[in-house]
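Have the structure open as you read.

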Amino acid sequence: MTNIALNTKSYNKFASTMLGLALSACGVSNVVIEGSFPTPNINKLPLTMAVLYDEALRNFAYIEYTETGEEEFNIESGLSHIQLFDAVLPAMFDQVIIVNSMEEAKTRGVDAVFAPAIEEFQLALPAKTKLDVYEVWIKYNMRLLTAEGDYIADWVLTSYGKTPTATFLSVEAAINEAAVVALRDLASSFSLSFSEVPEVRDWLNRL
Amino acid sequence: MSYIAANLVKTGGIISLLIGALSACTSTTVDEFRQGETGIENHESIVILGRRQASDYETRSEFVDCVGEHMGNGTNSIRVVPEQEFVDAMFPWFEPRTAPLRTSDLEKLMAEEVVAQKMDEFGVRYIVWLDGFTETSGRTGSISCTIGPGGAGCFGFGTWEDDASFDARIWDVDSATSVGTINTDANGQSYLPALVIPIPLIARVEANACSRLASQLKDFVNGS
């Protein structure tokens, strides 16, 4: 009995070691997007805006598969998206409050609640596209709600970033660079087009 | 002993001359088209920005930095605002999607109080837009390397051609007009002979394009 238990223990240890080796040899490369984002130079709107980052945005990760269907890159960009919005929103509105729920937004007496969501993330690698650039596309659904949770506006924004292979960065660094360019693209188009979204413009005119 | 040393020096000198001669195989053409008067005061500066709107290429920031460094040094040097510092300070107005493509766009942009104020803080008199890339073509030859118990070595020959083509468009910020364009085209053949050790004889195409363009731009902006 003791002998069997020991054998089982040894087998488990052996199996977990082998699994670990296999994962480290052919495992997925983890890329956590990191970058710094400047504060926009734009005129502020006289609004108190609540921001609701849901779990899907906070933990957003995209997995790129090889042509044979194996996981190749795991790109985690949730934190960088939050850092980006934290840099951009205070430059757009007089006051920005981060809330954890719609109930909290209601009790804080805000003018509106902004809830961004990522709908789609795409990565194009030179090895697959045969182009000399790494490319990242991100599609967002921007939602603006009243403090009571009623609809104000809901619009789609896409952002794009690329890094040439000529920069001689590692694949992971090049993906990070392309994603940071895409995030800057999002920040520029969002901050400049916010008041131009028809539903937002109508709502601003009614205030 | 001194005979060997003298021979070594002689051989080294010949190799250096050979490398110098072969690596200098680059031809550069610069064309200038002037549309307006130029000149710059000591308190004024310029900013050099790379165009990054094209889908299949983008102007490398290293080339932009190179031109900026050359313009900021030597006689008649000009104060150059670093590209990234300017783009970050002006965010989000000079991003690839939002940057002005025409001088009429610049005029509209300068109507924004925050933009005009930042531009004034930097003292920017001219914006230079650099657009272009370096293309490598005509790769021929092959080199094979072997390693064995007795040592290692490479044998063969490789060659390729580099062609750098860059346009510089100069905008006067005060009048929101285009004052001129300078085109630079440089090409050269690089060689990689390998006789035990590979000896790269690289044509410094982009470096030559950078220095010639910077020199011409400096004269252009100074109005000389």
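B:Cys145 has a relative accessibility of 51%, so it counts as exposed; the scale here calls residues buried under 20% relative accessible area, exposed over 50% and partly exposed in between, using a 1.4 Å probe and protein chains only. B:Cys154, on the other hand, is buried at 11%. These two cysteines form a disulfide with their sulfur atoms 2.0 Å apart, where a disulfide means a pair of cysteine sulfur atoms within 2.5 Å. The torsion about the S-S bond of B:Cys145 and B:Cys154 is about 105 degrees, so this disulfide is right-handed.

Before going further, a word on the ground rules. This is a predicted model, so local features need pLDDT of at least 70 and side-chain atom pairs count only at pLDDT 80 or more, while totals for chains, interfaces and linings use all residues. Residues are numbered from 1 along each chain as its sequence is written, chains are lettered from A and ligands numbered from 1 in the order in which they are written, and side-chain values use heavy atoms, leaving out hydrogens and water.

Over all chains, the disulfide count is two. The other bond links B:Cys66 with B:Cys210, S to S 1.9 Å. B:Cys66 sits in helix α2 (residues 61–71) of chain B and B:Cys210 in helix α6 (residues 205–222) of chain B, so the pair ties together parts that are 144 residues apart in sequence. Helices (H or I, at least four residues) and strands (E, at least two) are DSSP runs, numbered from the N terminus. With a torsion of about -100 degrees about the S-S bond, the disulfide of B:Cys66 and B:Cys210 is left-handed. B:Cys210 is buried, at 0% relative accessibility. Number the bonded cysteines of chain B in sequence order and you get the pairing 1-4, 2-3.

Now for the sheet. Six strands of chain B make an open sheet in the order β1-β6-β5-β4-β2-β3, with mixed pairing; two strands pair if DSSP finds at least two bridges between them. At the edges stand β1 (26–34) and β3 (80–81) of chain B, each with a single partner strand, so one side of each has no neighbour in the sheet. Strand β2 (residues 45–50) of chain B pairs with β3(B) in the parallel sense over two bridges, and B:Val47 has B:Val81 in β3(B) as its bridge partner.

One more stop is strand β5 (residues 151–172) of chain B, where B:Phe155 is found. B:Phe155 counts as partly exposed, at 44% relative accessibility.
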